[in-house]
Amino acid sequence: MQSSLSLDVKQNQDMEEKDDEPPSSYFPFIENSYPPSVSSFINLPNALISSIIPKKTKSKTLPATFVFRKKFFPAISTKQWNDWHWQISNRVCSLEQLKRFIKIFPEEESIFKQLDSKLPVGITPYYMSLLSPDNPEHPLRRTVVPTIHELFKSPEEKDDPLGEEHQSPVPGLVHRYPDRVLFLILDFCSTYCRYCTRSRVVGHGSILPARSRLERAIEYIKNNPAIRDVLISGGDPLTLSDNRLEWLLIRLRQIPHVEIIRIGTKVPAVLPQRITPNLVKMLRKYHPLLMSLHFTHPEECTPEAYRACNMLANAGIPLGSQTVLLKGINDDVLTMKNLMHHLLKMRVRPYYLYQCDLITGSSHFRTSIDKGLEIIQGLRGHTSGYAVPHYVIDAPGGGGKIPLMPDYLMRREGNNLLLKNYEDRIFRYTDTINCC
Ligand code: SF4
């Protein structure tokens, strides 16, 4: 733990360049979209919370976040709190720090003695404010606070379940599909998800944004004209400074055959303060640029997250979401529908719902495939088609994403298809027969 943490700190210091300040988080229309349960986490009646929160703050942040800041960081100004550098510098990374904010239970505490070679802990104060202080089963809390279950390895699990190491022609570059690459530019995240597919490398200081390594990867892309799509990921690319990110975008844009650039990030959910006017002004110069945002639960859809997504969307960046299906966290139709509806209101198109990969120590997060299909069935036809993501399994060993669908096509009878609709009603469709 100690070694991972010091690497984190070193990377952080390296990355900290005071390049801009976030705006005041003006958010005019979100008040009614607060997840209603969040305010109950802070052990205060809503009426009391309302009475102590200045009126103008209500549209900018959740009551829980406001009270958390006042309670634990009374000397910190709103400007500091909204500074993403401050959020990163004050991340919660140890058992002692966690204990300051939440009650820790034995199955959470016992893993800390054995975390040395595992995914480190890292939680921004902002995200910390969204966690329940006294319920270990709280969905967001389970995604970021480790438990002893991470030490159990079932036979089907692997450290590198997607076989990325075998598809890396250059360190940190995964070339699985002919026309696109996954470019891992660093292994640092502001907040670490306990179910991370890349927990074997993320947070360990093994993938650094060193210019020499990035140059090798850029050279590989340059020498492979079939690559038209580069997905920049990590770690979280948006934890780099604007300048370093722009350097990379310029280099990629200089390659004529790179048509689109995508950035994968969880920042709008865990560190929305990072989405600053300067960042979006810089990003919009490198279109076509798309973003895959990682959201897990409706309680992540706070006023701050809405504001961040709005700013990105206003910069013309198409936003898609990636959600991992997680047992006891988002594995029911109501929660998933609620999340998808929030995403659409945030102007994020629900894109992928991932079956949780077979990562070492993740069985406590994994649902059955039937559960995933049941959720898709509960969405399709029951809400806007735009709110229904593609449910996929990333094939173990590196086979790519395989879509999974409930059985709407029941059978074929000659040139007739028997189809089942969302209400389980059966319809017959006469297929076109190509006779010559
Ligand atoms: S933000 Fe992404 S890369 Fe970082 S820990 Fe979470 S899943 Fe892994």
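**Fold, core and ligand shell of the predicted model**

The chain folds into 16 helices and 12 strands in this predicted model. Of its 436 residues, 40% count as buried. Among contacts between residues at least 6 apart in sequence, 79% join residues at least 24 apart.

In soluble globular proteins, nonpolar side chains tend to be buried together. Here the largest nonpolar core has 91 residues, and the members touching the most others are Val 181, Phe 183, Tyr 192, Tyr 195 and Val 230. Helix H14 (residues 303-314) gives the most to this core, with 6 residues. At least three residues come from each of domain 1 (2-144) and domain 2 (164-403). Beyond its neighbours within four places in sequence, Phe 183 is in contact with Leu 173, Ala 217, Val 230, Leu 231, Ile 232 and Ser 233.

Turning to the ligand, the residues around it include Cys 189, Tyr 192, Cys 193, Cys 196, Gly 234, Gly 235 and Lys 266. By class, this shell has 5 nonpolar, 3 polar and 3 charged residues.

The backbone also holds some details worth a look. Most residues other than glycine have a negative phi, and most peptide bonds are trans. The bond from Gly 234 to Gly 235, however, is cis, with omega near 25°; Gly 235 sits in the loop between strand S3 (229-233) and helix H11 (242-253). A cis bond also joins His 287 and Pro 288, with omega about -5°. Phi is positive, near 70°, at Arg 347, and likewise near 70° at Asp 424. Arg 347 is partly exposed, with 15 other C-beta atoms within 10 Å, whereas Asp 424 has 7 such neighbours inside 10 Å and counts as exposed.

How values were computed:
Residues are numbered from 1 along each chain as its sequence is written. This is a predicted model: local features need pLDDT of at least 70, side-chain atom pairs count only at pLDDT 80 or more; totals for chains, interfaces and linings use all residues. A residue is near a molecule or strand if its C-beta atom, placed from the backbone, lies within 6 Å of it. Ala, Val, Leu, Ile, Met, Phe, Trp, Tyr, Cys and Pro count as nonpolar, Asp, Glu, Lys and Arg as charged, and the others, Gly among them, as polar. A nonpolar core is a set of buried Ala, Val, Leu, Ile, Met, Phe, Trp, Tyr and Cys residues joined through C-beta atoms within 7 Å. A residue is buried if 20 or more other C-beta atoms lie within 10 Å of its own, exposed if 12 or fewer, and partly exposed in between; C-beta atoms are placed from the backbone. Helices (H or I, at least four residues) and strands (E, at least two) are DSSP runs, numbered from the N terminus. Domain bounds come from an automatic or database domain assignment. Two residues are in contact if their C-beta atoms, placed from the backbone, lie within 7 Å.
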